Structure formats: C-alpha cells, structure tokens
Amino acid sequence: MKELMLDRELHERMAQIYQEMAEDYQKVATELRFSCDGCPDNCCDSWFQHHTYIEWAYLWRGFCQLSQEKQVEIVERSRRYCVDSEKVLAAGQRPQIICPLNEEGRCLLYTHRLMVCRTHGVPATMQRPDGKRLNFPGCFRCQELVQEQYGTGQGESVPRVERTLVLRRLATLENEFLDGKRHLYPRLQLTIAQMLTKGPPMVATPHCERVAKEHYPSEQDKH
Ligand code: SF4
Ligand code: SF4
C-alpha cells in the first residue's frame with residue numbers, strides 16, 4: 001500500500017478552492033443576513049460522508065500538526081463514533097453523533113475541515129454532469145429565514161451559492177492527485193471519524209510501480 005500525500009502545490013490549490021467557497025458562502029450569507037451566531041443547534045453532529053481522497057489528505061495534514069496527545073484522544077473518540085454510528089445505522093436510523101474533531105462546540109481542525117463542513121448552511125445549487133440541476137435549501141435555520149424573507153414559492157429569487165464550477169475544479173484536482181487515474185481507485189464514502197481511524201489515505205501500489213520495484217529496487221528497498 002502507498003500513502004497518498006499532498007504536495008505543496010496541490011495543497012495551495014486546495015486552499016484556494018476552499019477560500020473561494022468561503023467567499024461565495026459569505027456573499028449569500030450577507031445577502032440573507034444569515035449567520036450561525038446564537039444557533040441552538042450544532043451541525044457537527046450531522047451525518048455527513050465525504051468522497052475525495054484529496055480532502056482526506058488535506059484533513060490528515062492538519063491532524064498531523066496536532067500534539068501527539070491530542071491525536072490519540074481524537075482517534076479514540078473516532079473509534080467510539082464509528083462503533084456508535086454503526087449501531088444506529090443497523091437500527092435503520094440516521095446517526096446524530098458529535099464529530100470527534102469538535103471540542104466544546106469548536107472545530108479543532110477548522111482550517112483543514114472538509115467541503116461539506118464549509119458549505120452547509122446557506123442555500124446552494126449545482127448542475128450535475130447529466131445536466132440535471134440540484135437545489136439545496138440550506139440548514140433548518142436558514143430555511144426559516146428564507147421563508148420569512150421570501151415566503152414560499154419564490155425559489156428562483158432566493159440567493160444561492162452556485163457550486164458547479166468549484167465542484168468541477170475539485171474533481172479535476174482530485175484526479176491530478178490520483179495521477180489522472182481517479183477511475184481506477186475505489187469510490188470513497190467515509191465519515192470524518194472513519195478517515196481518522198484509518199489514518200492517511202492509502203491505496204494499493206499501482207501494478208507498474210510494483211513491477212518497477214521488483215526489477216529496479218532502490219537502495220532503500222534492498223535493506
Ligand atoms: S449552519 Fe445552520 S444549523 Fe448549523 S450551526 Fe449554522 S445556523 Fe445552526
Ligand atoms: S470537521 Fe470540524 S466543522 Fe466539520 S463536522 Fe467535524 S468539528 Fe464540525
């Protein structure tokens with residue numbers, strides 16, 4: 001197996017995408033006069049699954065910057081999260097368990113959190129590759145706000161984040177991160193807790209690299 005590591009250039013390009021997501025989000029939030037301040041809820045207990053290796057590697061980078069002690073604590077919480085969520089899923093329900101990275105309402109890896117954590121809240125829209133448009137109404141609190149300001153049946157006039165382009169760029173970056181072979185790797189569908197218990201993203205060493213190693217072992221491989 002080989003660890004998928006983010007190089008500096010890809011890391012910066014990911015940070016740029018996240019920055020643009022934050023700006024788009026803020027623009028719509030400002031228009032709607034929406035913020036999370038004073039919210040009685042905490043979305044960090046929502047059941048979210050994530051789908052890109054590059055975001056996993058980005059999160060892992062942040063995790064590695066935490067103290068050893070904190071890392072051990074988080075992995076322990078992640079293990080419990082996985083066990084508890086499996087029980088809830090087995091009962092046919094949707095888990096609602098606080099994310100192992102959340103401490104006292106704050107995200108320990110705020111600057112490394114994943115796209116879903118950054119975009120949940122305001123209404124958004126995106127066009128799928130087959131042309132179908134999907135609309136996301138935002139969190140319950142934002143939906144209430146939209147209803148107050150726009151009433152029902154005024155969907156078109158409601159400000160929304162347009163996610164199509166940024167998601168395409170993320171998909172392109174993911175493919176570059178996987179050496180242009182995204183289609184060869186297993187599809188991901190992991191919670192943050194599952195990512196953290198597994199460690200960094202690992203994939204099977206590609207066949208061509210294994211053959212090269214057998215025929216031309218490096219000095220390190222010989223020992
Ligand atoms: S996104 Fe919505 S539900 Fe989540 S904390 Fe903010 S206001 Fe509350
Ligand atoms: S990564 Fe951070 S923002 Fe995302 S769910 Fe966990 S604690 Fe919340």
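**Reading the ligand shells and cores**

Guide: Ligand 1 is surrounded by C36, C39, D41, N42, C43, H120, G121, C139, F140, R141 and C142. This is a predicted model, where local features need pLDDT of at least 70, side-chain atom pairs count only at pLDDT 80 or more, and totals for chains, interfaces and linings use all residues. Residues are numbered from 1 along each chain as its sequence is written, while chains are lettered from A and ligands numbered from 1 in the order in which they are written.

Visitor: Which residues surround ligand 2?

Guide: A residue is near a molecule if its C-beta atom, placed from the backbone, lies within 6 Å of it. Here, ligand 2 has C44, C99, L101, N102, C107, L109, R113, C117 and I192 around it.

Visitor: And which residues of the largest nonpolar core touch the most other members?

Guide: A nonpolar core is a set of buried Ala, Val, Leu, Ile, Met, Phe, Trp, Tyr and Cys residues joined through C-beta atoms within 7 Å; buried means 20 or more other C-beta atoms within 10 Å of a residue's own, with C-beta atoms placed from the backbone. In this 21-residue core, they are I54, W56, A57, Y58, L59, I192 and L196. The largest share, eight residues, comes from α2, a helix numbered from the N terminus as a DSSP run (H or I, at least four residues).

Visitor: What is I54 in contact with?

Guide: Contact means C-beta atoms, placed from the backbone, within 7 Å. Leaving aside neighbours within four places in sequence, I54 contacts L6, L10, M14, L173, E174 and F177. A second, separate core of nine residues includes V28, F34, V158 and V161.

Methods: A residue is buried if 20 or more other C-beta atoms lie within 10 Å of its own, exposed if 12 or fewer, and partly exposed in between; C-beta atoms are placed from the backbone. Helices (H or I, at least four residues) and strands (E, at least two) are DSSP runs, numbered from the N terminus. Two residues are in contact if their C-beta atoms, placed from the backbone, lie within 7 Å.
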